[in-house]
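Please open the model in your viewer and keep the selection panel at hand. We will go from stop to stop together.

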Amino acid sequence: MLRKMLVTIILTLAGMALLWLMIWSATVTMPTKLLAKNFPEDVQEALKPRLDALPMSGKRVFGMIILIVLLMGFCALFIIGGIDGMNNSFTFPDYLIRFLIMSYGVKAFDIIGLDFFLLTKTHFFQHYFPETEGCAGWQQFGYNRKQQLRQIIIMGLLSPLEALLFLYLAGG
C-alpha cells in the first residue's frame, strides 16, 4: 500500500514539474495567441501587437519542439502509472484513486501554484512581457473559473476511463 502511494505521489510531483516547464518554455520561447488566451482579457489586449508581429523563428520552433516533448512526458506519466498498476495487480479502485490523485494534484498545483501564486503574486509574466506591466488582470485570481471547472469535470470523467483501459489491458 505504501509503495502504491509513493509511486502515485512521485508521478504527481513529476506532473507538476512538467506542467511548470511547459508554462515556462512556452512563455520564454514562443509567446503565441494560444498561450495568451489563458491570460486575462486586458493582458491579451496588451500583448496583441506583439503577437501579431511575431515572425516564425528558430526560437519559436525550438519552443514548440520542447513543448511537444514535455507534453509527451506528461502523458507518459499516466502510462507509467498504468503499467506500474498492471505489474502490481491493481484493481479498478486502485487505478481510479491513482489517476484521480495525479489529475487533481496537478490541477491543484495549476490553480494554486500557477494561477494564484505565479500569476497574481509574482511578476513572472511581466518579466517576459513588459508591455503588460500594470494590467489589472494580473491581480484577478479566478478570471478563468469556467475553464478550470471544465477541466476538473473532464478529469473526473477521464480518470475512470483510464482505470478501465488499464484494467482491460491487464486482463482484468
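What follows is a short tour of selected helices, a loop and a pocket.

This is a predicted model, in which local features need pLDDT of at least 70 and side-chain atom pairs count only at pLDDT 80 or more, while totals for chains, interfaces and linings use all residues. Residues are numbered from 1 along each chain as its sequence is written, and side-chain values use heavy atoms, with hydrogens and water left out.

**Stop 1: S25**

Select S25, which sits in helix α1; helices (H or I, at least four residues) are DSSP runs, numbered from the N terminus. Is S25 buried or exposed? S25 counts as buried because its relative accessibility is 7%; buried means under 20% relative accessible area, exposed over 50%, and partly exposed in between, with a 1.4 Å probe and protein chains only. Between S25 and I66 the C-alpha atoms are 7.2 Å apart, although 41 residues separate the two in sequence.

**Stop 2: helix α3**

Move to residues 41–53, the 13 residues of α3. Their end C-alpha atoms are 19 Å apart, which agrees with the 18 Å that the helix should span at 1.5 Å a residue; the expected span is 1.5 Å times one less than the number of residues. Look at L47 for a kink of about 45°, shortly before the proline P49. Such a bend is the angle between axes fitted to the seven residues ending at a residue and the seven starting there. Then show V43, L47 and L51, the buried residues of α3, which pack against α2 (33–36).

**Stop 3: the loop at S89**

Select S89, in the loop between α4 and α5. Its phi is positive, about 55°, although S89 is not a glycine. Most residues other than glycine have a negative phi. S89 counts as exposed because its relative accessibility is 62%.

**Stop 4: helix α5**

Next, follow the 30 residues of α5 from first C-alpha to last: the helix reaches 40 Å, close to the 44 Å expected at 1.5 Å a residue.

**Stop 5: helices around the largest pocket**

To finish, colour α1 (2–29), α2, α4 (58–87), α5 (92–121) and α7 (145–169), each of which supplies at least two residues of the lining of the largest pocket.

Definitions and conventions. Contact means heavy atoms within 4.5 Å.
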